[in-house]
Amino acid sequence: MELRPRSFAGQLKADQLNSLIDALLDQGYRVIAPVKRDAAITLAEIRTSESLPQGWGDEQQPGSFRLTDRGDTEYFGFAVGAGSFKQYLFPSRRKLLDIDRHDMSMTKVEDTEKPLAFLGARACDLDAIAIQDRVFMGSDFVDPFYAKRRNECIIIAVNCHRPSSTCFCTDAGKGPECRSGFDVALTEVGVDDDHRFLVETGSEKGTALVNNLDLEATTEADDAARQEIIDRAVAAMQPALPDTDIPALLKAATESPRWESIAERCLNCANCTLSCPTCFCSGIEDVTDLDGTHAERWQTWSSCFTMDHSYIHGGSIRRIGASRYRQWLTHKMSFWVDQFGMSGCTGCGRCVTWCPVGIDIREELRGFAGDALEATTNEEATA
Amino acid sequence: MKNKPLSDLMVVHPFFEGMDRDHVDFIAGCAQNKRYKAGEFMMLMGKEADEFYLIRSGRVAVEMDAGNRTYVVQTVGEGGIIGWSWLNPPLSVRYDVRVMDDVSVFAFNAQCVRDKCDADPDFGFNITRRFMKLVVERLMATRLQLAELYA
Amino acid sequence: MLDTSLSPLPPVVHGAGDPMLPVKTRIVDRKQETADTFTIELEFENGSEFTFAPGQFNMLYTFGTGEVPISISGTPGTSKNIVHTIRDVGVVTSALSGLNVGDKVGLRGPFGTYWPIESCKGKDIVIAAGGIGLAPIRPVIRHVMENRDDYGRFIILYGARTPEDILYPEELGQYKSNLDVEVWVTVDRADRSWRGHVGVITTMITGAGFEPEKVAAFVCGPEIMMHFVIMNMNRLGVTNDQIYVSMERNMQCAIGRCGHCQWGTEFVCKDGPVYRFDKVEHLFNIRQL
């Protein structure tokens, strides 16, 4: 791969990582980063670099996530965990309104949380945030809560070194290289000898942040070191999606018997929609207190896998599992393009890893492509 | 006479009771023996289909997909007919026909039967009259269902 | 996105700074229409006027129970008065049914695309409505009646379950009394006290006898009814680019964000609910989409 000259802001020694976190805390941010918890990697609020999963790796397969204890000092030596930064910009439960029965007076609930700092976002996370930006801020009706949190947040991305076997951002997304959408991007190099982070900035906000840090200069060799990380990550991912127009493929497959064969395995547990960093469906719940004088409107995550997702008086539109699975996958990879001008999938692989029965959308898409090819071949044969 | 065996089977089907053996042989030329498994759809609403069926064994449900509900309009079993609009093309299927219990049917190519009706009006009238009887029975049944007698 | 070319739209009224915030209205009139259907007229607390196009809907909020999408069924245009005909079928509509004059209702809207009646001038207008489907289409009827000279023949076809379920019977009677308006009402079943038609709406269409090229048809009712009406219209030579339908889906935000109203590529709340049928025919035929 051709070497592209980078402009690094500098390099940060690995043992100085806390200075970055301290700078964020000093500026009043809540720092969200990957942590090791409950035998997995998830996101949580941290205050020091000691909370990061240093030395831990992951092995991911369809339906399986296992932590591996490498025992080294690498801070970000894993792919992505169960949750995504989505839950901070678009919380799973959020109160919208307080309403009083008297006069039906309504009080909007304001967001009082501190601005967010996302540390350790991967290229697929950046991709997902850009996709959700389009959903929540890119139409006639901007979601003011999302817009506020999004505009206030700062993103410190990390270039992946160890994609998992369920990652396919080279196919579906724009990764694994962090190219845009970050304020600061880090590449972790020299773990064994000269452990440091190569620092790039992507915005004024990012430049302002790193100006507070004690960065050393980088050398030409650092360009190559960064490139090597990215090349290795690319090489670690095999092409997994069929080489075809996937949006058109799925639109043509609405009556395919393959949906039923997937539905026979699918539990409708909604894990895929919960772990997916771009799924945006929500529902509104109204609750009152016991004496009925006060009510609240809450917004919660919804999933198209529930029976009531498509309910209208008399029944639901998608009454069988096959139609609900078809909705999810076809929306994600096909209808989303018509709606938002981009695919809804980043190739992060979470839906594959966290599906309890191991349904792998890459395999299923290859299956649909195979069916289509077979159908065309048969047509030609009988023509 | 390769259709004779099929014609032998057809002659004992209630639809052909009392029909001239010649006419049964005539129409057997348009027929095939087919089987469908439970859960399969024999016909789908909106699709082009130029076949109609006589059920030899098993049971099907005639359904309408109404957006957020599936209405089972009627179940049809042994001796019943599925598909009446073949007589007057162009036809697109009005209902979904879902197999409830594995069925074995005589499947008739409608164009073939229409051609035979045109070629032999006597045969054509006989077939049409038999169909009319079934259609009228079905209509009466539907009206009774509509009257919500048990409400 | 499917270009349904129905724009521009009236401004959406909602609470300050957030399209999910309702604005307070007060019920100024209530009328029971049939056993399970009622009409309420709303006015904003602050007295402001409201503009909507025919076919659009509002999200109506009742304290503690929630919101529901209801078509606006008054005369289209700008007025202080906002009219909704509602069928009591669920939790929120039941709560609305229990409200009285003076009670408060939250409102956001108007949302959605509209029946393009203004761009159908000179055409023969055919309205085919079933059940509660007459409510979203009444604004079109009123518009045509107020601008009668702009249109050719005016045919209203309406089907209800029983005579007791017929919506707006006096208003339909008034329209029928006009020599240049054709009104056909049918019911699924009746007793002898009903001397009108008994049968399905599709059978009335064959009796209507129009010149297909001049027709603009607006169809509103249960999906299966729309399916059969369109089939019959096609048989009479009316093509799908002359036919408009209104779709119903689960709606919770009405702004194309909660995702519940999706129908293939469409967010029915903002890309619909009114569609020119040829643009969505391919979606219509897919089961459980």
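I started with the contact between two chains: 33 residues come from chain C and 37 residues from chain A (two residues are in contact if their C-beta atoms, placed from the backbone, lie within 7 Å). The model is predicted, so local features need pLDDT of at least 70 and side-chain atom pairs pLDDT 80 or more, while totals for chains, interfaces and linings use all residues. Residues are numbered from 1 along each chain as written, with chains lettered from A and ligands numbered from 1 in the order in which they are written.

Next I asked which elements of chain C give two or more residues to the side touching chain A. I found β5 (66-71) and β8 (104-111). By class, I noted 10 nonpolar, 16 polar and seven charged residues on that side of chain C (Ala, Val, Leu, Ile, Met, Phe, Trp, Tyr, Cys and Pro count as nonpolar, Asp, Glu, Lys and Arg as charged, and the others, Gly among them, as polar).

Then I looked at chain C as a whole. I listed six helices and 17 strands (DSSP runs numbered from the N terminus: H or I of at least four residues, E of at least two). Of its 289 residues, 51% count as buried (20 or more other C-beta atoms, placed from the backbone, within 10 Å of the residue's own).

Last came the domains, whose bounds come from an automatic or database assignment. Chain C is divided into domain 1 (23-111) and domain 2 (117-246). I noted that their contact takes 14 residues from domain 1 of chain C and 13 residues from domain 2 of chain C.

Technical notes
A residue is buried if 20 or more other C-beta atoms lie within 10 Å of its own, exposed if 12 or fewer, and partly exposed in between; C-beta atoms are placed from the backbone.
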